[in-house]
Amino acid sequence: MSEKWVCVHGHFYQPPRENPWLEAVEPQPSAHPFRDWNERITAECYRPNAAARVVDASNQIIRIVDNYQRMSFNFGPTLLSWLEEHAPDVHEAVVEADRASVARFSGHGSAMAQAYNHMIMPLSSPRDRATQVRWGIADFKHRFGRMPEGMWLPECAADVASLEALAAEGITFTVLAPYQAKAWRPPGGTWRSTPVDTGRAYRCDLPSGKSIDLYFYDGATAQAVAFERLLANGHEIISRMIARGPVEGGGPTLCHIATDGETYGHHHRYGDMALAWALAQVEQGWNGTRLTNYAEFRAKVPATWEVQLQDNTSWSCAHGVNRWRDDCGCNSGGKPGWNQRWRRPLRDALDWLRDQAAATLDAVGGLLFHDPWSARDAYIHVLLHRTTDIEAARDRFLAAHAGHTLTPAERVRALSLMEMARHAMLMYTSCGWFFDDLSGIETVQCMQYAARVAELIEDIGGNPVEPELVDRLSAAVSNLADEGDGRKVWAQRVKPAHVDPQKVCAHVAVHSLVESDVSVHEVDVYGYHVDFVDRIERRSGRARMVAGTVRVRSQLTEEATSLCFAGLHLGEQHVTGGVRPPPDARVWAQILEELSTALKTADVFAAQRTIELHFPGAQLSLTSLLPGTRERVLAGVLGEAITDAERALETLYDEHVPLVRWLVAHDLPVPEVLRTTAEATLRRRVLANLRSDMASFAALQEQLGEAAEVKISLDTPEIAHAASEGLRHLIDRIGRPDGELDPVALEIVAAATDVAARMKSSVELWFAQNATFRLLDRLPKLRAQAETNPVARQAALHLEKLARALRLEIP
């Protein structure tokens, strides 16, 4: 029997979702109860695969393993950038998994690089293609500390030029779908056009004289895993993968699949567990199998057979790469009568904008850089340090690439050029064309990047391009009548996302009005840094006035804008004020004096008239707050009103709850007003309990019981999410400062877990299981101490109880 080497590859990727002006992901209500889709998919997939469960026949957890250490994987650089800032534990787990895989797989790490922002490489310009590869490599080396051996091509979209771009930068292999092989042959043999044998690596000779190795994954099994519920049984995954004959000519046979990494937990719940079981089988040598990754297999079984590529093909379009430029028929499905004719005008419009940006980079960049295109390639090193030491990174970059010592204005222009060039690539992120409609969030995201490109071209000194860009986009028509064409989508969905220094100043002004801290002299607002040059505050009863001058500075381009503001808060939602360029010092002093005098004399109307006179338009309101902070600030501003309303409802509920219980007990209808009052009150009490620093699950059990008595369901996803967080905080209190376990804390957590496990809505026990699984290593020692140490005896008993509640196997 021939050797069967098994490799499972996961392509982990999310499109860049950051607002191009804020450099931050805005809240996405469709991801509820999570803040945004990155956060949700991290919870459902990326984090679970770092500690996946292996269970026995009774569904008890017998092992917790890191899937990344045992599979082949690539993470999109833009996703890794988000994880590094917002889920550092996952980022570190991915990096550590690659280190561990180097030791596991004969010195070859499992991580592959990826072309930077998921651009369809065959449709890109030669310069963009090269930069995508170089940025992908630079990002990989920065995170993983080594040169990547392989690189994932977005959507597996490939042509000879794309393979040349990989080989030119030292990439030795990539992975493609089986139908992307045009012809293949053994050493010295004749070319064959039959379906390629996926069981080996192939050498693809390129016109330049270089070569690159290609793997073609098992398409049928990958399809079954991703779309046909094969993940329901981890054993069947491996059985299907190895149910093939040996490769021609003998030697090890590679049995491998490649799917979206999100298959394992996000698209298919518990997919991470099925994968863990499958990989554990192979790791134990089931049926003569051996675990490997692509880099190790290539080193152990060098490619001797040759292959020719079918140009302009991909893994997700039966028509080559037309899904990203034409109405080819490929779509997400479920929308009968829809078309994707909008794809071509969108592609053409962005190609036109790309050429305008390239001409600007040539013309203006030639005045500022030794070589503007080499500077663009190197700009990735600034981006990689934007959350740590961006100022030093900018200085190093300009010192190496500027054609002369730049003035402050020239620095802004040079950095704006680089941001223009970056967004001119981000606007080609593949998801913009993948789905069904022009108005989809992925397509709008790409259009927002295009808007940033157009804005920067003009800021740098180029001719305005937005009007013609919008004219070209108007040829793209949505399937939804309310969305109209590209011009209307631009007006309704792209322009409102635009943020400039005036909006940042307005945001800071409202913050200063409702959450003032006069000791704060500077603040970061997403991609901007704001310095207070001066500021005054005056009060009169409930009314509060704040006015000041700020300097708003982009943290990426260094462009700085000075603005002044004045605002008046009259309580609750009543906010007014304005933002304007600073007048001369005499006029500004006069404005401040008028405002101060009005507040001193309690003449609020005079203050309002002063603001209206000197700040025409008076555009400040609570809606001036930028996304991501509105909810928290509104909760503070409206706190008194909300508290009063909650107390009133609570009083009504406590007064009438005996009546509600009587109605429920006698199967009589509960009036809607009483039901609504009960539901609001009990939900508030439960959430307040769970979100407190000392969440009580004993109280939660009583609250759920009380809700059951009045026929109110509190078993909701929102409450389950809060219970998950509350349990996570309780787990953190188990350990004592001396390193020993706290028996009392263990008892509390065990009881809390028992309550959480009984809730109908799924409470996330992942963190609790991980922590307890590690604690079980101490159980033998605790048992040994139990006979003479009552504290150890109690700790052991409660640890076992906690493990049972979490369905962990007890040693």
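Which residue forms a salt bridge with Arg 134, and how far apart are the closest N and O atoms? The partner is Glu 169, and the closest N and O atoms are 3.0 Å apart. By salt bridge I mean a side-chain nitrogen of Lys or Arg within 4 Å of a carboxyl oxygen of Asp or Glu.

Before going on, a word on the source. This is a predicted model, in which local features need pLDDT of at least 70 and side-chain atom pairs count only at pLDDT 80 or more, while totals for chains, interfaces and linings use all residues. Residues are numbered from 1 along each chain as its sequence is written, and side-chain values use heavy atoms, with hydrogens and water left out.

Back to that pair. Helices (H or I, at least four residues) and strands (E, at least two) are DSSP runs, numbered from the N terminus. Arg 134 is partly exposed at 33% relative accessibility, and Glu 169 is partly exposed at 26%. On terms: buried is under 20% relative accessible area, exposed is over 50%, and partly exposed is in between, with a 1.4 Å probe and protein chains only.

The count of salt bridges comes to 48. Another one of them joins Arg 185 and Glu 306, with the closest N and O atoms 3.1 Å apart. This pair links distant parts of the chain, 121 residues apart: Arg 185 is in strand S10 (residues 181-185) and Glu 306 in strand S15 (residues 305-309). Glu 306 is buried, at 11% relative accessibility.

Next, Glu 800 and Arg 783, whose side chains meet in a salt bridge of 3.0 Å, N to O. Glu 800 belongs to helix H30 (residues 790-805) and Arg 783 to helix H29 (residues 779-786), so the pair ties together parts 17 residues apart in sequence. Glu 800 is buried at 17%, whereas Arg 783 is partly exposed at 36%. There is also a network: salt bridges that share partners join Arg 394, Asp 395, Arg 411, Arg 553 and Glu 558.

Last, Leu 746. Is Leu 746 buried or exposed? Leu 746 is buried, with a relative accessible area of 0%. Leu 746 lies in helix H27 (residues 743-758). Beyond its neighbours within four places in sequence, its contacts (heavy atoms within 4.5 Å) are Ile 734, Leu 741, Ala 795, His 798, Leu 799 and Leu 802.
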